[in-house]
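Thanks for coming. I have one model to go through, and I will keep to the geometry.

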Amino acid sequence: MNDQLNLDLLNLENLLETVKDQGLKFLQQIEERPTSTKYTIETIDKLSDIGFGGLETLKIFNQKFEKLIVGSSGPRYWGFVTGGSTPASIMGDWLTTIYDQNTKSPKGQGDLSAIIEIETTKLLLDLLNLPKDFIGGFVTGATISNFTCLGVARQWIGKEQGIDFAKNGVSGNIKILSASPHSSVIKSLSMLGIGSNNCIKVKVAKDNRESIDIEDLENKIKELNGEAFILISNAGTVNTTDFDDFKKINKLRKKFNFWWHIDGAFGAFAVCSPKYKHLLKGWENADSITVDCHKWLNVPYESAVFFVKEKHKILQTETFQNSNAPYLGNPLENFSYLNFLPENSRRLKALPVWFSLNAYGKKGYQDIVENSAEMANLFGAFIEKSEMFELLAPVRLNNVCFTLSGMENQDKISTFLTQLNETEKVFMTPTVYNDKKGIRASFVNWRTTKQDIEIAITEMERLKTTI
Ligand SMILES: Cc1ncc(COP(=O)(O)O)c(C=O)c1O
């Protein structure tokens with residue numbers, strides 16, 4: 001064995017204890033951790049010949065890079081849609097690394113950790129009140145979940161046209177309808193060879209909504225003259241957390257032939273609360289659903305699931321099978337995740353989710369969702385009352401989309417947001433909504449309290465004079 005590796009093996013307990021202590025300190029002080037950093041660091045391109053060993057490497061990391069690490073899993077990081085990590089999810093994540101399984105198949109010899117993944121997806125279906133006729137699997141994020149679901153949809157539409165796209169390549173023009181697709185959906189369309197320009201934009205509903213206008217949807221469907229298409233709908237749009245009307249989409253399903261995909265990256269979790277579960281009524285009939293776990297489920301990056309109806313499993317296997325590797329077995333006889341989703345080698349991403357679901361149960365997630373909504377409403381109420389700001393849309397659930405009051409201040413948004421983020425006390429991201437520049441604060445972190453809202457408000461009030 002290499003000397004340096006041997007020394008680290010003998011010193012393993014010390015190495016892990018040191019990292020544990022450092023990690024614990026970080027988590028215990030996460031509220032004070034800056035939410036942004038101004039440091040930039042020169043990167044080097046020369047590697048040591050014999051290596052430094054684990055402990056010395058940690059010292060180098062700490063001297064050089066530790067200051068780049070922001071409190072993105074803390075309570076005042078409201079940019080993008082960034083969840084934190086529950087204590088139990090960190091336990092599961094550590095064990096995922098330590099066990100280092102390569103999760104593929106639930107049967108046969110070797111690694112059987114896929115059984116844990118299968119159980120976790122079933123527990124998620126239960127949490128989300130979805131029927132058992134979906135098969136789920138873990139991928140890195142909602143982008144790849146959307147990609148996976150739309151990959152199966154692409155195979156479905158090919159079959160409708162009598163072509164096996166997986167074998168023969170994509171041909172013709174695939175019709176996609178959507179009103180407010182997330183950017184990752186458009187990216188997926190280009191990755192899938194469908195083409196990002198081929199999404200037919202349906203109008204949004206009246207009264208400042210991002211949800212689909214059902215009447216316009218029906219008109220656009222009729223214009224397709226019976227051609228099969230893919231409908232991409234939303235359970236929670238990223239700017240204003242709007243939901244499409246799934247009950248009405250169910251009615252359209254009875255009349256027209258389409259694949260129904262729902263991007264519920266974070267909005268899916270609204271179903272955990274009796275107050276908000278009506279927003280998802282009817283979603284159980286979709287063909288495929290995207291759900292992110294590193295958002296409202298509060299497990300570490302990278303973690304998301306896809307749910308595709310079991311009846312489509314042949315299409316899914318046709319899309320993702322390793323068709324030229326007979327040594328991997330018959331993909332239709334022996335279920336293996338490597339024939340069911342984009343990656344072949346994969347870590348046991350389900351374990352942090354399994355830990356968190358078991359540790360906090362349905363009540364835990366109901367409380368997280370309801371607390372986030374309460375925090376969003378509190379922050380939204382401040383925006384509404386303030387003369388300095390205005391809401392760009394009502395607070396529907398957990399996202400607050402706002403801007404500086406007055407058209408004359410549109411040019412000042414970017415400077416204001418930069419200054420706000422530079423306080424390092426709170427972090428938000430820029431957006432554009434209805435042609436207006438704005439700011440988005442997204443509440444999905446389990447730690448956020450009223451005190452955090454007050455800290456953010458104090459900083460925003462303080463910056464008043466600079467506008
Ligand atoms: C609705 C929606 N879909 C998809 C995504 C992409 O998620 P990810 O960054 O995990 O790939 C996001 C991210 O914010 C989202 O809000």
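I start with a term: two strands pair if DSSP finds at least two bridges between them. Helices (H or I, at least four residues) and strands (E, at least two) are DSSP runs, numbered from the N terminus. The model is predicted, with local features needing pLDDT of at least 70 and side-chain atom pairs counting only at pLDDT 80 or more, while totals for chains, interfaces and linings use all residues. Residues are numbered from 1 along each chain as its sequence is written.

Now the sheet. Strand E10 and strand E11, residues 436–442, run antiparallel and are joined by five bridges. Within that pairing, Pro 430 has Ile 439 of E11 as its bridge partner. The whole sheet is open and has four strands, ordered E8-E9-E11-E10, with antiparallel pairing. On average, neighbouring strands are turned by 45° against each other, direction ignored.

Which helices lie across these strands? H12 lies across E8, E9 (399–404) and E11, at about 20° to E9. H13, residues 413–422, lies across E9, E10 and E11, at about 25° to E11. For these angles, axes are lines fitted to C-alpha atoms, for helices over the stretch in contact, and angles run from 0 to 180 degrees between N-to-C directions. Contact between two residues requires their C-beta atoms, placed from the backbone, to lie within 7 Å.

H12 (residues 350–385) also packs against H5 (residues 114–127), with an angle of about 25° and axes 9 Å apart. The two helices are therefore roughly parallel, a term for angles under 35 degrees, with over 145 being roughly antiparallel, 65 to 115 roughly perpendicular and the rest oblique. From H5 the contact includes Ile 116, Leu 123 and Leu 127, and from H12 it includes Leu 351, Trp 354 and Tyr 365. By class, the contact has nine nonpolar, one polar and three charged residues. Here Ala, Val, Leu, Ile, Met, Phe, Trp, Tyr, Cys and Pro count as nonpolar, Asp, Glu, Lys and Arg as charged, and the others, Gly among them, as polar.

Last, two backbone points. Most residues other than glycine have a negative phi, and most peptide bonds are trans. Phe 80, in the loop between H3 (54–64) and H4 (87–99), has a positive phi near 50°. The peptide bond from Tyr 301 to Glu 302 is cis, with omega near -5°. Glu 302 sits in the loop between E6 (288–292) and E7 (304–309).
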